[in-house]
Protein chains: 2
Amino acid sequence: MKQLLVAKIGGNIIEDKDALNQFLIDFSKIEGPKILIHGGGKSATQLSEKLGVKTEMIDGRRITSAENLDVVVMTYAGLINKNIVAGLQKHGSPALGLTGADANTIMATKRPAQFVDYGFVGDVEKVNDKMIKGILDMGIIPVFCAITHDGNGQLLNTNADTIASEIASAMSAHFEVSLFYCFELKGVLEDINNKDSVIEHIDLEKYAKLRDDQVIADGMLPKLQNCFDALQKNVASVHIANSEYIKDNTVKHTTLSL
Amino acid sequence: MKQLLVAKIGGNIIEDKDALNQFLIDFSKIEGPKILIHGGGKSATQLSEKLGVKTEMIDGRRITSAENLDVVVMTYAGLINKNIVAGLQKHGSPALGLTGADANTIMATKRPAQFVDYGFVGDVEKVNDKMIKGILDMGIIPVFCAITHDGNGQLLNTNADTIASEIASAMSAHFEVSLFYCFELKGVLEDINNKDSVIEHIDLEKYAKLRDDQVIADGMLPKLQNCFDALQKNVASVHIANSEYIKDNTVKHTTLSL
């Protein structure tokens, strides 16, 4: 089976022009089919502030009112996505920016209001793996932002880590997929105060222990859950690492396994 | 040769939710390959106002500072483009939103500052007709906003009428292209105060006369120039009409010819 790289980048790269440019250079050098997914929460929050739109977060998730949705669509699908695409073109990578609405690549359903009403937040229902494969087969690099749609005209805000996991899983029907979560640290840390204390391997047993011991908590929990979801849905390998890993896969990082 | 419809919609439809929805229903019903191009200047001006970013227009063209560029990218490529794409998906049309940077579909060069420095405004250099044909061949409807790129990482603001004309011309290598400029009036008017005084046919000779007599002026001049440019570059037919024309091509409208 042919290999496919699915990489997700977050705020630490997106918000830093030089870091982003360096990442796009490194990402462009990787041969073979690849998909990029990006977040952009900090930029959205900044634009919200400028527009006087209230930002409300619960457990790290954005409560997405109609006004918030407009802001995230403008920020993720507009400003960030298109500058990444133009940056990749500069480095010779034929990139194509996408939301889940584009070519119906990711269908989601609005999350039902239960204990919390998250507003226009979508849970991924179906990744259109055949369409994405068709795009890859044209030699194009899909660049996804964290916006999906419900098929009924409604755009929805969806977590970028989850989108990366769902895309990687769906594309495993066609490729041997490596999923790479790129973030500010070197990997999952044993001691949050020691940036070199990278836990190099985490399996489900170790994950349970780390969770019980509260070594990992908060934002790292859903990220790791996305990793294990991907592994359970046939993704070949999952890594959490710093962006350095994209050019040198011998640097210390965290590899997940079941 | 297979037929291709290239339609451009402007502010009167984009800014009106019901009108846009009706247009997308009608547009979805048209069979065969088609491309949609949209503007969005009024929305961009509104967002600029909210953000305290100055909007400066010269001869109906936006002076595009770095801040203005961010605003138009957010508005055109983000908010408007993605809502149109989601709306088309709702009506069963497999739409894909694009800037010229996406899949390198439209390369432009930054307009040199001569008498006026327009800032980050791009003049179309090359439409990637083969890539757009590849997308159409996948059964996808490309939806272009008025953003291009220079191939060196810079996004550029480009007039939507011009993009429509350039795309229609380039695609004439592969299709018999009909170009349709959809706007608020029924067509080009003999008397601006009489909305029924549609001039049904305008050729180059008539165009020169109308211009000399100042029957047409201001924004209509570049629009008509785009029409004639398209006809001179092998576009099969060019029409200026109200959105009604999309569902009933017997309504009074203006047809251009050389």
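## Terms and basis of the model

A polar contact is a pair of N or O atoms within 3.5 Å, where within protein one atom must be able to donate a hydrogen and the other to accept it, and residues adjacent in sequence count only if both atoms are side-chain atoms. The model is predicted, with local features needing pLDDT of at least 70 and side-chain atom pairs counting only at pLDDT 80 or more, while totals for chains, interfaces and linings use all residues. Residues are numbered from 1 along each chain as its sequence is written, chains are lettered from A and ligands numbered from 1 in the order in which they are written, and side-chain values use heavy atoms, with hydrogens and water left out.

## The annotated binding site

An unreviewed UniProt entry places the feature "binding site" at A:G40, A:G41, A:R62 and A:N157; such positions follow the numbering used here, feature names are shortened, and annotations may be inferred rather than shown by experiment. Although these residues span 118 residues in sequence, no two of their C-alpha atoms are more than 11.9 Å apart, so they gather at one spot.

## A:G41 and A:N157

A:G41 is partly exposed, at 26% relative accessible area, whereas A:N157 is buried, at 8% (buried means under 20%, exposed over 50%, and partly exposed in between, with a 1.4 Å probe and protein chains only). Contact here means heavy atoms within 4.5 Å. Leaving aside neighbours within four places in sequence, A:G41 is in contact with A:R62 and A:Y76, and the residues that A:N157 touches include A:R62, A:Y76 and A:F120. The side chains of A:N157 and A:T64 are joined by a polar contact of 3.0 Å.
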